[in-house]
Amino acid sequence: MRSSCVLLAALLALAAYYVYIPLPSTVSDPWKLMLLDATFRGAQQVSNLIHSLGLSHHLITLNFFIISFGKRSARSSPKVKVTDTDFDGVEVRVFEGAPKPDEPLRRSVVYIHGGGWALASAKISYYDQLCTAMAEELNAVVVSVEYRLVPQVYFPEQIYDVIRATKYFLQPEVLDRYKVDPGRVGISGDSAGGNLAAVLGQQFTHVASLKNKLKLQALIYPVLQALDFNTPSYQQSVNVPILPRHVMVRYWIHYLKGNYDFVEAMIVNNHTSLDVERAAALRARLDWTSLLPTSIKKNYKPVMQTTGDARIVKDLPQLLDAAASPLIAEQEVLQALPKTYILTCEHDVLRDDGIMYAKRLESAGVNVTLDHFEDGFHGCMIFTSWPTNFSVGIRTRNSYIKWLDQNL
């Protein structure tokens, strides 16, 4: 009996050691975040083990875990009709809220889920619940895009999927079928989905027939650049879950089909050092010393290497492409973008991507709402139901939907 108690105590101590990580004192529900992070880390480690044994790609295995524990079939309710279909060969899940009595045509949002361009699905419970809430509360049609993921496809195929599905939806006969007002369609996404939404918005400015088709864009803690992994938020939240800096850099390598040997060099900005001429012209577009307020910059210093590794940009020229990093788009492109909402979280390596994009858009004359949450962490908006219900998740979702309601 005594030995069993000792063994149990040892196991509990090991579990506590694995789960516990130091977190900022102001982050929402810290112990719950530790448990969420430990679960995700455990799934990643099992996936990496399976990968090392040559049984399956680690991202395929990890996504299998995510989808297996959270996939939902297309289930309608009295207030929202849910159907799975495809738009020009791209799978989508469509959520149709009831129209308002005085508005026969509904507004609409094309939503793009996050997951580092490699994980998650429009059909998992987190996004199913979010889009259901949007459709019901906005009396809207929400099109959630099931774009293809790494390693099935790589950049720029995810962009092509999103553009193809959105262009199909914007056809007059399709909007008419879903009883959608063509003047009240917006694009939105979170994390990597926010990246794809921002890119889509910019791409549409180049096509005369699509230039003014979107009334607004709403970007939730979007990833917007891969040139500087040492902004103040990358330095401040370097190890904060659920997106530590090294994980974000690896997502970029996944997406661009790069060499994993580049990760450590990119973490210290060796890919955009002063001797990399191709990066020089773009630095002013994400110069955080001028784009960020003093309250955000604090005492952090820029990390700029004099000499670096020119092979990285040579092998991955997409790093300097606005189609991957929309923050570095030209001013003329930004000027043509619609009204914009950007949600950022204090405890998120991507915080400054969003704040800098808001500043650049404002300078270009775009109407921008920057919605910042001091206790937020990356990914929090989808965590609104038990057992992963966070107070900041509920508040961010409510704030986001309220803005859409007031502006779409």
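Author: Helices are DSSP runs of H or I with at least four residues, numbered from the N terminus. This is a predicted model, in which local features need pLDDT of at least 70 and side-chain atom pairs count only at pLDDT 80 or more, while totals for chains, interfaces and linings use all residues. Residues are numbered from 1 along each chain as its sequence is written, and side-chain values use heavy atoms, without hydrogens and water.

Reader: How much space lies in the largest pocket?

Author: A pocket is an open set of points on a 1 Å grid over the protein atoms alone, where a 1.4 Å probe fits and protein lies on both sides within 12 Å along at least five of seven lines. Its volume is the space filled by probe spheres set on the points, and for the largest pocket this comes to about 950 Å³.

Reader: Which helix supplies the largest share of the lining of the largest pocket?

Author: The lining (residues with an atom within 4 Å of a point) holds 38 residues here, with Leu36, Phe40, Ile66, Tyr126 and Phe383 nearest the centre of the pocket. At least two lining residues come from each of helix 2 (30–52), helix 3 (58–68), helix 4 (125–138) and helix 9 (245–256). The largest share, six residues, belongs to helix 2.

Reader: Which helix gives the most to the lining of the second largest pocket?

Author: The second largest pocket, with a volume of about 580 Å³, is lined by 25 residues, and Arg41, Gln44, Pro244, His246 and Val247 lie nearest its centre. Helix 2, helix 3 and helix 9 each supply at least two of the lining residues. The most, six residues, come from helix 2.
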